[in-house]
Amino acid sequence: MLRIAIQSKGRLNEDSVALLKEIGINIDESKRKFLVQAGNFPLELLLVRDDDIPQIVSNGTAELGIVGLNEVKESGKDVKIVDKLGFGACRISLAIPKTEEYTGPSYFEGKRIATSYPNILKEFLDKHGVSAKIEVITGSVEIAPAADIADAIFDIVSSGGTLVSNGLKEVEKVFWSEAVLIGGAELSEENKAILEEILFRIESAKVSKGKKYLLMNIPESAIDEAVKLLPALRSPTILPLAAKGWCSMHSVVDTKELWTKIRQLKAIGAEGILVLNVDKIIP
Ligand code: PRT
Ligand code: ZN
């Protein structure tokens, strides 16, 4: 049995639960408890505040955790990054009132900076030989300059909308983060096998993300060109049609290339193109 710590509520909770579901691990969300047993997999979920996850994993209370890389770095706890999960992307940036002129890191010399990430900020200031006063506050950091609690802030940014609506501008992007799967001490043989199964399934979920299944009719004479356009996993599947001179071709494409490929396929004579969602790809 493995235990995994995830955020109980907040920005990473939904995506963490969705990832577990995506890899076939059922969680009964109606029973919102501290500890939840997966229905069909040897996994127990520990639902906690994200700040506590690095410690919970480093002290062995849970073998695994899903948390922002920012929290791992800030905590300084000795945990391993087992996998990057591709959600919860953000950065931690320094921001100042938009009317100020920014002159580089030395701008912060002697200034007060409000943040919930004092350790990551200190590392940045030390690297640039800047001495500033770090004001640690949790929550609503962005209002600190207007409230005259600080001259600048060091906070999480994703779209940048919060900074703009508080009259601030981002001047240094210091740390990039996303949700990561973390692990602690060496696992037992049994738990290693469970972790391997989890990682195998996560890999398959990542590969299938952003892919579409394409199915179309093409003239036999266009097969070579069509194969070049759609290399697929190994090569596309081509089946003869009852209509002479035609065949059916099946392949997988990246969603971001979908419309370009469709235009190119139509140009070489493809017809009746069907685009389907991909549930899983096992490479
Ligand atoms: O209660 P608990 O301690 O568990 O949660 P929390 O309040 O500490 O964290 P939460 O749920 O806000 O965020 C959890 C994690 O999500 C963070 O540690 C990051 O790894 C990640 N994440 C990704 C974000 C954002 N994007 C984000 N935009 N965390 C916070 N924000 C906030 C930011 O603090 C600021 O207020 O959103 C605002 C900025 O967003 P934009 O889009 O306006 O730039
Ligand atoms: Zn938190």
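Student: Which residues coordinate the zinc ion (ligand 2)?

Tutor: In this predicted model, Asp-50 (OD) and Asp-51 (OD) do, at 2.0 to 2.1 Å. Donors are N, O and S atoms within 2.8 Å of the metal (3.2 Å for Na, K and Ca), and sites may look incomplete because water is not among the atoms. Residues are numbered from 1 along each chain as its sequence is written, and ligands from 1 in the order in which they are written. Local features need pLDDT of at least 70, side-chain atom pairs count only at pLDDT 80 or more, and side-chain values use heavy atoms.

Student: Are Asp-50 and Asp-51 buried or partly exposed?

Tutor: Buried means under 20% relative accessible area, exposed over 50%, and partly exposed in between (1.4 Å probe, protein chains only). Asp-50 is buried at 18%, while Asp-51 is partly exposed at 37%.

Student: Which residues of helix α6 are buried?

Tutor: An α-helix has 3.6 residues a turn, so residues three or four places apart point the same way. In α6, the buried ones include Asn-191, Ile-194, Leu-195, Ile-198 and Ile-202. Helices (H or I, at least four residues) and strands (E, at least two) are DSSP runs, numbered from the N terminus.

Student: In what order do the 4 strands of the open sheet stand?

Tutor: Strands of a sheet pair through backbone hydrogen bonds, either parallel or antiparallel. Here the order is β13-β14-β12-β15, with antiparallel pairing. Two strands pair if DSSP finds at least two bridges between them. β13 and β15 are at the edges with a single partner strand each, so one side of each has no neighbour in the sheet. Strands β12 and β14 are joined by 9 bridges, and Tyr-213 sits opposite Val-252 in β14.
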